[in-house]
Amino acid sequence: MPVLVENDAAWANALAAGLPAGTQVVGTVPQLDNWLAHQDGEYAVVLGPNTQLADAVAVAERLRFDHPTTGIVLLRHELTADVFQTAMRAGIPAVVAANDVEGMAAAVDRCRQTWEAIRGPAAPSGDRDGTVITVFSPKGGVGKTTVAVNLAVALSGSGAARVCIVDLDLAFGDVAITLQLIPEHTIAEAVDAEEHLDFSLLETLLTRHENCSILAAPTHPEGKDRVSPALIRRVLRILRQHFDYILVDTSPSFDDQVLHAFDETDECILVATLDVPTVKNVKVALETLDSLNLVAGHRHLLLNRADDEVGLSPSNVESLLKMPVKTALPSAFAVANATNHGRPIVLSRPDHPVSRALIKLAQDLSAGKKDIVAAKNAVAPTAVEDDSKRGLFGRRRK
(Lines give C-alpha, C1' and ligand atoms only; values in the text may rest on other atoms or scores of the structure.)
Protein backbone atom coordinates (compact mmCIF):
# COMPACT_ATOMS: atom_id res chain seq x y z
CA MET A 1 0.00 0.00 0.00
CA PRO A 2 1.07 3.65 -0.31
CA VAL A 3 2.30 5.80 2.57
CA LEU A 4 1.48 9.51 2.62
CA VAL A 5 3.77 11.94 4.46
CA GLU A 6 1.99 15.18 5.31
CA ASN A 7 1.97 17.20 8.53
CA ASP A 8 -0.97 19.43 7.66
CA ALA A 9 -4.23 17.69 8.65
CA ALA A 10 -6.34 19.42 6.00
CA TRP A 11 -3.94 18.50 3.22
CA ALA A 12 -3.56 14.96 4.59
CA ASN A 13 -7.33 14.40 4.53
CA ALA A 14 -7.73 15.84 1.04
CA LEU A 15 -4.87 13.82 -0.42
CA ALA A 16 -5.75 10.58 1.36
CA ALA A 17 -9.20 10.71 -0.26
CA GLY A 18 -7.51 10.25 -3.64
CA LEU A 19 -5.34 7.32 -2.54
CA PRO A 20 -6.27 3.62 -2.20
CA ALA A 21 -8.16 2.48 0.90
CA GLY A 22 -5.76 1.48 3.65
CA THR A 23 -3.14 4.08 2.80
CA GLN A 24 -1.05 4.89 5.87
CA VAL A 25 -0.74 8.58 6.75
CA VAL A 26 2.22 9.85 8.80
CA GLY A 27 3.10 13.40 9.74
CA THR A 28 6.89 13.43 9.54
CA VAL A 29 9.80 11.83 7.73
CA PRO A 30 11.05 10.12 10.94
CA GLN A 31 7.61 8.51 11.29
CA LEU A 32 7.89 7.36 7.68
CA ASP A 33 11.28 5.78 8.41
CA ASN A 34 9.87 4.06 11.47
CA TRP A 35 6.90 2.76 9.51
CA LEU A 36 9.00 1.39 6.65
CA ALA A 37 11.31 -0.31 9.15
CA HIS A 38 8.35 -2.48 10.19
CA GLN A 39 6.64 -2.95 6.80
CA ASP A 40 7.71 -4.63 3.59
CA GLY A 41 4.66 -4.22 1.38
CA GLU A 42 4.53 -0.49 0.66
CA TYR A 43 4.81 0.12 -3.07
CA ALA A 44 4.71 3.93 -3.01
CA VAL A 45 5.71 6.84 -0.78
CA VAL A 46 3.79 10.06 -1.42
CA LEU A 47 5.62 13.10 -0.06
CA GLY A 48 3.05 15.81 0.62
CA PRO A 49 3.47 19.41 -0.53
CA ASN A 50 4.58 20.57 2.93
CA THR A 51 7.54 18.18 3.01
CA GLN A 52 10.81 20.09 2.74
CA LEU A 53 12.58 19.47 -0.57
CA ALA A 54 15.80 18.56 1.25
CA ASP A 55 13.91 15.94 3.26
CA ALA A 56 12.42 14.54 0.06
CA VAL A 57 15.90 14.14 -1.42
CA ALA A 58 17.10 12.39 1.75
CA VAL A 59 14.13 10.01 1.64
CA ALA A 60 14.86 9.18 -1.99
CA GLU A 61 18.49 8.40 -1.16
CA ARG A 62 17.49 6.02 1.64
CA LEU A 63 14.77 4.27 -0.35
CA ARG A 64 17.14 3.65 -3.23
CA PHE A 65 19.16 1.31 -1.03
CA ASP A 66 16.70 0.10 1.63
CA HIS A 67 13.49 -0.21 -0.46
CA PRO A 68 14.53 -0.09 -4.11
CA THR A 69 11.14 -1.30 -5.42
CA THR A 70 9.17 1.40 -3.55
CA GLY A 71 8.30 4.33 -5.80
CA ILE A 72 8.22 8.01 -4.80
CA VAL A 73 5.65 10.63 -5.73
CA LEU A 74 6.59 14.20 -4.80
CA LEU A 75 3.83 16.80 -4.47
CA ARG A 76 4.64 20.50 -4.72
CA HIS A 77 2.66 23.70 -4.34
CA GLU A 78 4.69 25.18 -7.20
CA LEU A 79 6.23 23.24 -10.07
CA THR A 80 9.45 25.07 -10.89
CA ALA A 81 12.48 24.12 -12.95
CA ASP A 82 14.53 23.85 -9.74
CA VAL A 83 12.07 21.36 -8.27
CA PHE A 84 12.18 19.16 -11.37
CA GLN A 85 15.99 19.31 -11.56
CA THR A 86 16.39 18.45 -7.87
CA ALA A 87 13.91 15.59 -8.14
CA MET A 88 15.59 14.23 -11.26
CA ARG A 89 19.03 14.27 -9.60
CA ALA A 90 17.60 12.48 -6.54
CA GLY A 91 15.96 9.81 -8.68
CA ILE A 92 12.38 10.83 -7.86
CA PRO A 93 10.38 9.69 -10.90
CA ALA A 94 7.12 11.58 -10.36
CA VAL A 95 6.57 15.24 -9.44
CA VAL A 96 2.93 16.33 -9.33
CA ALA A 97 1.12 19.56 -8.47
CA ALA A 98 -0.34 19.48 -4.98
CA ASN A 99 -3.89 20.07 -6.19
CA ASP A 100 -3.69 17.46 -8.98
CA VAL A 101 -5.29 14.55 -7.14
CA GLU A 102 -5.88 12.59 -10.35
CA GLY A 103 -2.25 13.02 -11.37
CA MET A 104 -1.13 11.83 -7.95
CA ALA A 105 -3.38 8.77 -8.15
CA ALA A 106 -2.05 7.91 -11.61
CA ALA A 107 1.56 8.23 -10.43
CA VAL A 108 0.85 5.99 -7.43
CA ASP A 109 -0.76 3.41 -9.71
CA ARG A 110 2.36 3.40 -11.90
CA CYS A 111 4.38 2.71 -8.75
CA ARG A 112 2.10 -0.24 -8.03
CA GLN A 113 2.50 -1.60 -11.55
CA THR A 114 6.30 -1.39 -11.29
CA TRP A 115 6.22 -3.08 -7.88
CA GLU A 116 4.06 -5.92 -9.16
CA ALA A 117 6.23 -6.39 -12.25
CA ILE A 118 9.23 -6.92 -9.97
CA ARG A 119 7.79 -8.52 -6.86
CA GLY A 120 4.36 -9.84 -7.79
CA PRO A 121 0.91 -8.58 -6.74
CA ALA A 122 0.85 -6.21 -3.77
CA ALA A 123 -0.77 -7.50 -0.61
CA PRO A 124 -4.43 -6.53 -0.15
CA SER A 125 -5.13 -3.75 2.31
CA GLY A 126 -7.75 -5.61 4.29
CA ASP A 127 -5.64 -8.52 5.49
CA ARG A 128 -5.16 -7.47 9.13
CA ASP A 129 -6.62 -9.07 12.20
CA GLY A 130 -6.76 -5.99 14.40
CA THR A 131 -7.20 -6.05 18.16
CA VAL A 132 -10.23 -4.24 19.59
CA ILE A 133 -9.45 -2.65 22.97
CA THR A 134 -12.41 -1.17 24.82
CA VAL A 135 -11.78 1.44 27.51
CA PHE A 136 -14.73 1.46 29.92
CA SER A 137 -15.81 2.87 33.23
CA PRO A 138 -19.31 2.84 34.72
CA LYS A 139 -18.72 6.32 36.14
CA GLY A 140 -17.92 9.53 34.31
CA GLY A 141 -15.10 11.89 35.18
CA VAL A 142 -12.49 9.20 35.87
CA GLY A 143 -10.24 10.05 32.91
CA LYS A 144 -11.45 7.32 30.56
CA THR A 145 -11.10 9.36 27.37
CA THR A 146 -7.65 10.63 28.37
CA VAL A 147 -6.55 7.03 28.95
CA ALA A 148 -8.00 5.88 25.61
CA VAL A 149 -6.34 8.66 23.61
CA ASN A 150 -2.93 8.29 25.26
CA LEU A 151 -3.04 4.51 24.97
CA ALA A 152 -3.88 4.80 21.26
CA VAL A 153 -0.90 7.10 20.70
CA ALA A 154 1.37 4.76 22.69
CA LEU A 155 0.20 1.75 20.66
CA SER A 156 0.93 3.54 17.40
CA GLY A 157 4.63 3.45 18.27
CA SER A 158 5.36 6.64 16.29
CA GLY A 159 3.73 5.14 13.22
CA ALA A 160 4.84 1.50 13.59
CA ALA A 161 1.20 0.35 13.87
CA ARG A 162 -2.09 1.50 12.37
CA VAL A 163 -4.39 2.66 15.16
CA CYS A 164 -7.97 3.93 15.09
CA ILE A 165 -10.01 5.39 17.97
CA VAL A 166 -13.78 4.89 17.84
CA ASP A 167 -15.67 7.34 20.04
CA LEU A 168 -18.72 5.45 21.28
CA ASP A 169 -19.74 8.02 23.85
CA LEU A 170 -22.35 8.81 21.25
CA ALA A 171 -24.08 11.60 23.17
CA PHE A 172 -21.10 13.45 24.65
CA GLY A 173 -17.94 12.10 23.00
CA ASP A 174 -14.75 14.04 23.66
CA VAL A 175 -12.05 12.18 21.73
CA ALA A 176 -11.78 14.73 18.91
CA ILE A 177 -11.79 17.78 21.20
CA THR A 178 -9.20 16.12 23.45
CA LEU A 179 -6.88 16.13 20.44
CA GLN A 180 -8.08 19.61 19.41
CA LEU A 181 -9.51 18.29 16.17
CA ILE A 182 -12.68 19.46 14.47
CA PRO A 183 -14.07 16.42 12.63
CA GLU A 184 -15.76 17.04 9.31
CA HIS A 185 -17.55 13.70 9.57
CA THR A 186 -18.84 11.43 12.33
CA ILE A 187 -20.11 7.88 12.77
CA ALA A 188 -23.67 9.20 12.35
CA GLU A 189 -23.01 9.59 8.62
CA ALA A 190 -22.61 5.82 8.30
CA VAL A 191 -26.21 5.24 9.39
CA ASP A 192 -27.78 5.48 5.92
CA ALA A 193 -25.13 3.17 4.47
CA GLU A 194 -25.31 0.54 7.21
CA GLU A 195 -26.32 -2.39 5.02
CA HIS A 196 -23.64 -1.82 2.38
CA LEU A 197 -20.96 -0.15 4.49
CA ASP A 198 -17.39 -0.95 3.46
CA PHE A 199 -13.97 0.46 4.25
CA SER A 200 -13.84 2.75 1.23
CA LEU A 201 -16.86 4.60 2.62
CA LEU A 202 -15.91 4.29 6.29
CA GLU A 203 -12.46 5.69 5.58
CA THR A 204 -13.95 8.95 4.33
CA LEU A 205 -15.53 9.46 7.77
CA LEU A 206 -12.24 9.19 9.66
CA THR A 207 -10.48 12.24 11.06
CA ARG A 208 -6.69 11.96 10.96
CA HIS A 209 -4.27 12.75 13.75
CA GLU A 210 -0.51 12.51 13.32
CA ASN A 211 -0.47 9.19 15.23
CA CYS A 212 -3.88 7.64 14.61
CA SER A 213 -7.26 7.93 12.93
CA ILE A 214 -10.48 8.86 14.75
CA LEU A 215 -14.08 7.90 14.07
CA ALA A 216 -15.76 10.74 15.91
CA ALA A 217 -18.99 10.63 17.89
CA PRO A 218 -22.05 12.52 16.58
CA THR A 219 -21.85 16.28 16.95
CA HIS A 220 -25.20 16.52 18.76
CA PRO A 221 -26.59 14.18 21.45
CA GLU A 222 -29.67 13.29 19.42
CA GLY A 223 -27.39 11.55 16.91
CA LYS A 224 -26.91 8.75 19.44
CA ASP A 225 -30.33 7.25 18.78
CA ARG A 226 -29.64 6.88 15.06
CA VAL A 227 -26.58 4.67 15.55
CA SER A 228 -27.77 1.09 15.83
CA PRO A 229 -25.93 -1.68 17.71
CA ALA A 230 -25.65 -3.61 14.43
CA LEU A 231 -23.83 -0.67 12.86
CA ILE A 232 -21.34 -0.66 15.75
CA ARG A 233 -20.50 -4.30 15.15
CA ARG A 234 -20.15 -3.79 11.40
CA VAL A 235 -17.87 -0.79 11.89
CA LEU A 236 -15.58 -2.63 14.30
CA ARG A 237 -15.37 -5.69 12.06
CA ILE A 238 -14.43 -3.55 9.06
CA LEU A 239 -11.82 -1.61 11.02
CA ARG A 240 -10.25 -4.88 12.22
CA GLN A 241 -9.27 -5.64 8.65
CA HIS A 242 -7.43 -2.34 8.16
CA PHE A 243 -5.96 -1.37 11.53
CA ASP A 244 -3.68 -3.13 13.97
CA TYR A 245 -5.46 -1.70 17.02
CA ILE A 246 -8.94 -0.23 17.44
CA LEU A 247 -9.43 1.72 20.68
CA VAL A 248 -13.07 2.06 21.69
CA ASP A 249 -13.93 4.89 24.09
CA THR A 250 -17.37 4.21 25.54
CA SER A 251 -20.11 5.99 27.42
CA PRO A 252 -20.30 5.22 31.18
CA SER A 253 -23.25 2.84 30.80
CA PHE A 254 -24.18 -0.56 29.44
CA ASP A 255 -26.38 0.66 26.61
CA ASP A 256 -27.03 -1.53 23.56
CA GLN A 257 -24.26 0.08 21.51
CA VAL A 258 -21.67 -0.49 24.25
CA LEU A 259 -22.78 -4.10 24.79
CA HIS A 260 -22.35 -4.87 21.11
CA ALA A 261 -18.92 -3.22 21.20
CA PHE A 262 -18.04 -5.50 24.12
CA ASP A 263 -19.12 -8.44 22.00
CA GLU A 264 -16.37 -7.49 19.52
CA THR A 265 -13.80 -6.67 22.20
CA ASP A 266 -10.52 -8.53 22.61
CA GLU A 267 -9.13 -6.60 25.60
CA CYS A 268 -10.96 -4.39 28.10
CA ILE A 269 -9.39 -1.61 30.17
CA LEU A 270 -11.56 -0.87 33.22
CA VAL A 271 -10.81 2.61 34.56
CA ALA A 272 -11.43 3.42 38.23
CA THR A 273 -10.41 6.03 40.78
CA LEU A 274 -9.84 5.68 44.52
CA ASP A 275 -13.29 6.67 45.73
CA VAL A 276 -16.01 4.44 47.12
CA PRO A 277 -18.80 5.28 44.59
CA THR A 278 -16.56 4.52 41.61
CA VAL A 279 -15.23 1.27 43.10
CA LYS A 280 -18.79 0.19 43.88
CA ASN A 281 -19.88 0.89 40.30
CA VAL A 282 -16.87 -0.97 38.89
CA LYS A 283 -17.77 -3.97 41.04
CA VAL A 284 -21.29 -3.94 39.60
CA ALA A 285 -19.82 -3.59 36.09
CA LEU A 286 -17.61 -6.64 36.65
CA GLU A 287 -20.59 -8.65 37.84
CA THR A 288 -22.49 -7.58 34.71
CA LEU A 289 -19.61 -8.62 32.45
CA ASP A 290 -19.44 -11.95 34.28
CA SER A 291 -23.16 -12.58 33.86
CA LEU A 292 -22.89 -11.88 30.13
CA ASN A 293 -19.62 -13.78 29.82
CA LEU A 294 -17.91 -10.84 28.11
CA VAL A 295 -14.11 -10.48 27.82
CA ALA A 296 -13.53 -12.98 30.62
CA GLY A 297 -9.80 -13.34 31.22
CA HIS A 298 -9.05 -10.23 29.18
CA ARG A 299 -9.91 -7.46 31.62
CA HIS A 300 -7.30 -5.04 32.94
CA LEU A 301 -7.91 -2.75 35.90
CA LEU A 302 -6.41 0.73 35.60
CA LEU A 303 -6.46 3.06 38.59
CA ASN A 304 -6.33 6.72 37.68
CA ARG A 305 -5.25 9.39 40.16
CA ALA A 306 -4.10 6.56 42.43
CA ASP A 307 -2.81 8.43 45.50
CA ASP A 308 -2.95 6.88 48.96
CA GLU A 309 -3.77 10.23 50.59
CA VAL A 310 -7.47 9.82 49.80
CA GLY A 311 -7.84 7.02 52.36
CA LEU A 312 -8.40 4.16 49.89
CA SER A 313 -5.38 2.22 48.64
CA PRO A 314 -4.85 0.11 45.50
CA SER A 315 -4.65 -2.98 47.73
CA ASN A 316 -8.08 -2.12 49.16
CA VAL A 317 -9.47 -1.91 45.62
CA GLU A 318 -7.89 -5.23 44.65
CA SER A 319 -9.49 -6.85 47.68
CA LEU A 320 -12.91 -5.36 46.97
CA LEU A 321 -12.91 -6.15 43.26
CA LYS A 322 -11.06 -9.46 43.52
CA MET A 323 -8.79 -8.58 40.61
CA PRO A 324 -5.26 -7.15 40.45
CA VAL A 325 -4.44 -3.60 39.49
CA LYS A 326 -2.76 -3.77 36.09
CA THR A 327 -1.74 -0.09 35.90
CA ALA A 328 -1.80 2.73 38.44
CA LEU A 329 -1.50 6.33 37.29
CA PRO A 330 -0.58 9.02 39.83
CA SER A 331 -2.37 12.35 40.02
CA ALA A 332 -0.59 14.92 37.87
CA PHE A 333 -1.44 18.44 36.74
CA ALA A 334 0.71 17.71 33.69
CA VAL A 335 -1.98 15.38 32.34
CA ALA A 336 -4.65 18.09 32.41
CA ASN A 337 -2.19 20.59 30.97
CA ALA A 338 -1.34 18.25 28.09
CA THR A 339 -5.04 17.61 27.42
CA ASN A 340 -5.83 21.34 27.41
CA HIS A 341 -3.11 21.86 24.80
CA GLY A 342 -4.37 19.00 22.62
CA ARG A 343 -1.07 17.15 22.96
CA PRO A 344 -1.39 13.76 24.76
CA ILE A 345 1.07 13.44 27.61
CA VAL A 346 2.74 10.38 26.06
CA LEU A 347 3.78 12.72 23.23
CA SER A 348 4.45 15.94 25.11
CA ARG A 349 6.21 14.36 28.11
CA PRO A 350 7.11 10.73 27.34
CA ASP A 351 9.32 10.47 30.44
CA HIS A 352 6.54 11.48 32.84
CA PRO A 353 5.45 8.69 35.26
CA VAL A 354 1.95 8.67 33.73
CA SER A 355 3.42 8.32 30.23
CA ARG A 356 5.76 5.53 31.27
CA ALA A 357 2.89 3.60 32.86
CA LEU A 358 0.69 3.92 29.77
CA ILE A 359 3.53 3.02 27.41
CA LYS A 360 4.21 -0.07 29.54
CA LEU A 361 0.52 -1.01 29.31
CA ALA A 362 0.65 -0.57 25.52
CA GLN A 363 3.72 -2.81 25.35
CA ASP A 364 1.99 -5.49 27.42
CA LEU A 365 -1.07 -5.38 25.17
CA SER A 366 1.15 -5.57 22.07
CA ALA A 367 2.98 -8.57 23.50
CA GLY A 368 -0.36 -10.23 24.20
CA LYS A 369 -1.40 -9.71 20.58
CA LYS A 370 1.79 -11.36 19.33
CA ASP A 371 1.07 -14.38 21.52
CA ILE A 372 -2.47 -14.64 20.13
CA VAL A 373 -1.22 -14.41 16.53
CA ALA A 374 1.36 -17.12 17.20
CA ALA A 375 -1.31 -19.36 18.72
CA LYS A 376 -3.61 -18.82 15.72
CA ASN A 377 -0.83 -19.67 13.30
CA ALA A 378 -0.21 -22.90 15.18
CA VAL A 379 -3.84 -24.06 14.74
CA ALA A 380 -4.54 -26.38 11.82
CA PRO A 381 -6.54 -24.53 9.13
CA THR A 382 -9.14 -27.30 9.09
CA ALA A 383 -10.08 -26.80 12.73
CA VAL A 384 -13.82 -26.31 13.20
CA GLU A 385 -15.05 -23.69 15.63
CA ASP A 386 -17.41 -24.97 18.33
CA ASP A 387 -20.52 -22.79 18.39
CA SER A 388 -21.15 -23.80 21.99
CA LYS A 389 -18.18 -21.63 22.95
CA ARG A 390 -19.72 -18.47 21.65
CA GLY A 391 -20.74 -15.74 24.07
CA LEU A 392 -24.19 -14.32 24.59
CA PHE A 393 -23.78 -11.81 21.76
CA GLY A 394 -22.21 -14.34 19.36
CA ARG A 395 -18.52 -13.69 19.93
CA ARG A 396 -16.26 -16.67 20.52
CA ARG A 397 -15.10 -16.92 24.13
CA LYS A 398 -11.40 -16.87 24.77
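Q: Is Arg305 buried, partly exposed or exposed?
A: This is a predicted model, where local features need pLDDT of at least 70, side-chain atom pairs count only at pLDDT 80 or more, and totals for chains, interfaces and linings use all residues. Residues are numbered from 1 along each chain as its sequence is written, and side-chain values use heavy atoms, leaving out hydrogens and water. Buried means under 20% relative accessible area, exposed over 50%, and partly exposed in between (1.4 Å probe, protein chains only). Arg305 has 36% relative accessibility, so the label is partly exposed.

Q: Which loop holds Lys322, a residue with positive phi?
A: Helices (H or I, at least four residues) and strands (E, at least two) are DSSP runs, numbered from the N terminus. Lys322 is not a glycine, yet its phi is about 60 degrees. Its place is the loop between H12 and strand S13 (325-328).

Q: Which are the edge strands of the open sheet?
A: Two strands pair if DSSP finds at least two bridges between them. The order of the 8 strands is S8-S9-S7-S10-S6-S11-S12-S13, with mixed pairing. Each edge strand pairs on one side only, and these are strand S8 (207-208) and S13.

Q: What angle does the direction of H12 make with that of S12?
A: Contact means heavy atoms within 4.5 Å, and H12 packs on the sheet, touching S12 and S13. Axes are lines fitted to C-alpha atoms, for helices over the stretch in contact, with angles from 0 to 180 degrees between N-to-C directions. For H12 and S12, the angle is about 145 degrees.
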